[in-house]
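Here are my notes on this one, in the order I'd go through them. Have the viewer open as you read.

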Amino acid sequence: MAINVNAEIRANTGKGASRSIRNNKNIPAVIYGEKKTPIAIELNGRDFEMLIRTPGLRTKLFQIKTPNGSEDAMLMDIQYHPVTDAVVHVDFKRIDVKKPVNVVVPVEVINAETSKGLKLGGVLNFAVRKVALRGLVDAIPEKITIDLSTLTIGDVVHGTDLVLPNGIELGLHQAELAFVTIGGKMPEEADAAKTSAPAAPAKK
């Protein structure tokens, strides 16, 4: 479902105009892309500060309503004040909802407490925590999860092993990435290593 945002068209641009907007507790922003002229807009500061608490915001479709009409867009960048952390500028990119988009979403591991490998003393190496995906914006997930419950020592989860929603595919160079590994030795291997180790010479 799209996030609806109301915005005003900015008559003036530049540092002075942006400073004036922020002094009024609002946020300067821009909509660009799709080979159209960029539009400088002004967002309600209080509403947007509340909106950015929404999980997975960068995977969502925005419908930005201005006096000139409605724009389909995705959130590309939020700039923050280096001291106060207040939002000082926002970038949106127009999209065609009928065409696939490229996004990066977080990867999350679940069921570590029931993982076979971890119960056997294995060590979790969660190496890659974001994945590039491609698909229609309505089908893009907020995150991708990796279920550790069935993984044992020596198992590796590559990009091709990730469970993706229908219509979503991996982005470039993601297939062979090792997102998760369970390192260590199986108990029987550890016992065998101890047995085959030469005994320490007796002290005289």
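1. Helices here are DSSP runs of H or I with at least four residues, strands are runs of E with at least two, and both are numbered from the N terminus. Keep in mind that this is a predicted model, where local features need pLDDT of at least 70 and side-chain atom pairs count only at pLDDT 80 or more, while totals for chains, interfaces and linings use all residues. Residues are numbered from 1 along each chain as its sequence is written, and side-chain values use heavy atoms, with hydrogens and water left out.

2. Which residues of helix α1 are buried? In α1 (residues 15-23) they are Ala17, Ser18 and Ile21, with buried meaning under 20% relative accessible area, exposed over 50% and partly exposed in between (1.4 Å probe, protein chains only). They sit on the same side of α1 because they cover an arc of only 100° around the axis, the arc being that of the directions from the helix axis to the C-beta atoms. The face turned away from that buried side carries the exposed Lys15 and Asn23.

3. What do the buried residues of α1 pack against? They pack against β2 (27-33) and β3 (36-43), where contact means heavy atoms within 4.5 Å.

4. Now the sheet. A closed barrel of 6 strands runs β1-β3-β2-β6-β5-β4, with mixed pairing; two strands pair if DSSP finds at least two bridges between them. β1 (residues 3-9) and β3 run antiparallel, joined by 3 bridges. Across that pair, Glu8 stands opposite Glu42, and Ala7 has Leu43 as its bridge partner.

5. β2 and β3 are also antiparallel, over 6 bridges, and Gly33 stands opposite Lys36 in β3. Their hairpin has 2 residues between the strands, and Glu34 takes a positive phi near 55° there.

6. Last, the packing. The largest nonpolar core has 25 residues, and Val131 and Ile146 have the most contacts inside it. A nonpolar core is a set of buried Ala, Val, Leu, Ile, Met, Phe, Trp, Tyr and Cys residues joined through side-chain atoms within 4.5 Å. β7 (101-110) gives this core its largest share, 4 residues. Leaving aside neighbours within four places in sequence, the contacts of Val131 include Val103, Leu162 and Phe179. A second, separate core of 20 residues includes Phe62, Ile64, Val90 and Phe92.
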